[in-house]
Amino acid sequence: VISLGFLITDTYGQTATATAKTYLEPMVNMVGTAIHYGGSGSGLSDYNKPAKGLRAGLSFQAGISPSFSLGSELYYIRKGGILKAGNPVTDSKSTLRVNSIELPVLARFHFGKLYLNAGPSVSYALSGKQKTDDGTVKLSFNHSAYGFLRFEAGLQAGGGIEFPLKQKRLAIDIRYAHGLTNIVSSGEMYNRALMISVHVSKAWKKNPLAKN
């Protein structure tokens, strides 16, 4: 993907009138998260519903050329999902929450005000809990039959639009996160998330990353 980005950069860089820009900014926004249950997902489809989560941290865009940049973020994210009452797993309503630190690295292709981006992500689960009618229990992160796994790998893809302001830029980013690795020792559970964020930031005056 990165090689394709440099190819696009070389193709369009000669005619682009914009300049490569680099941004570093804090971000706080809500996300919609859900759990995919793999092979048993079909039996849970009528009970499975998304949960609201929080994402907060830092966002960095390294401008390489007017048509290509690298984006990376480091943030806390609250993942999880909800199973409605009557489900075949817990019978009663179940709400799962997992607190994680996540790091995506994205290749970002710019087409005027629009951009598309995609890339891998890794995350580390700090803690979690599951709430049912019987009470709330903390998640166990070990390799037991009912344990959760701390490390997770995934993919993120999406796009956005940028609006230039006087001294800053306003960007709206929409992205889908697809967990690739199982988060439990026994059974199948994969994270899914839809992330929408608004960025208001000022570009660096000197961009040491831009291609000459």
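Colleague: Is E102 buried or exposed?
Modeller: This is a predicted model, and the answer rests on computed accessibility. Buried means under 20% relative accessible area. The relative accessible area of E102 is 5%, so E102 is buried.

Colleague: Which residue forms a salt bridge with E102?
Modeller: Side chains of opposite charge can pair when their charged atoms come close. For E102, the closest N and O atoms of the pair are 2.8 Å apart. A salt bridge needs such atoms within 4 Å. The partner of E102 is K79.

Colleague: How many residues apart in sequence are the parts that K79 and E102 tie together?
Modeller: K79 counts as buried, because its relative accessibility is 6%. K79 sits in strand β4, while E102 sits in strand β5, which covers residues 94-111. The pair therefore ties together parts whose separation in sequence is 23 residues.

Colleague: What is the volume of the largest cavity?
Modeller: Rolling a probe the size of a water molecule over the atoms shows where empty space is left. The structure holds 3 cavities of 30 Å³ or more. The largest cavity has a volume of about 110 Å³.

Colleague: Which element gives the largest share of the lining of the largest cavity?
Modeller: The lining has 18 residues, and K79, E102, E152, A177 and N191 lie nearest the centre of this cavity. Two or more lining residues come from each of β4 (68-83), β6 (114-132), β8 (151-164), β9 (169-179) and β10 (190-201). The largest share is 5 residues, and it comes from β8.

Colleague: How many residues in the lining of the second largest cavity are charged?
Modeller: The second largest cavity has a volume of about 90 Å³. Its lining consists of 14 residues, with E25, S59, R108, R169 and H199 nearest the centre. By class, 4 of the lining residues are nonpolar and 3 are polar, while the number of charged ones is 7.

Colleague: Which element gives the most to the lining of the second largest cavity?
Modeller: At least two lining residues come from each of β1 (23-36), β3 (51-65) and β9. The most, 4 residues, come from β9.

Colleague: In which strand does E73, the salt-bridge partner of R175, lie?
Modeller: The side chains of R175 and E73 meet in a salt bridge, at 3.0 Å from N to O. R175 has a relative accessible area of 1% and is therefore buried. E73 is also buried, because its relative accessibility is 3%. The pair ties together parts 102 residues apart in sequence, so R175 lies in strand β9 and E73 in strand β4.

Colleague: Which residues do salt bridges that share partners join into one network?
Modeller: R175 also forms a salt bridge with D173, where the closest N and O atoms are 3.2 Å apart. Both R175 and D173 are buried. Salt bridges that share partners make one network of R55, E73, D173 and R175.

Colleague: What is the accessible area of the nonpolar patch on the surface?
Modeller: β9 and β10 each give two or more residues to the patch, and the largest share, 4 residues, comes from β10. Among its members are F163, L165 and I172, and the residues of the patch together have an accessible area of about 770 Å².

Colleague: Is I172 buried, partly exposed or exposed?
Modeller: I172 lies in strand β9. Partly exposed covers values between under 20% for buried and over 50% for exposed. The relative accessibility of I172 is 32%, so I172 counts as partly exposed.

Technical notes: Residues numbered from 1 in each chain as written. Predicted model: local features only at pLDDT ≥ 70, side-chain atom pairs only at ≥ 80, totals over all residues. Heavy atoms only, no water. 1 Å grid on protein atoms, 1.4 Å probe; cavity = no way out; pocket = protein on both sides within 12 Å on 5 of 7 lines; lining within 4 Å. Points joined across faces, edges and corners; volume = space filled by probe spheres on them. Nonpolar A, V, L, I, M, F, W, Y, C, P; charged D, E, K, R; others polar. Patch = residues over 30% accessible without salt bridge, like charges linked within 9 Å, V, L, I, M, F, W, Y side chains within 5 Å. Areas by Shrake-Rupley, 256 points an atom, 1.4 Å probe, with all protein chains shown as cover. Buried < 20%, exposed > 50% of the residue type's maximum accessible area, 1.4 Å probe, protein only.
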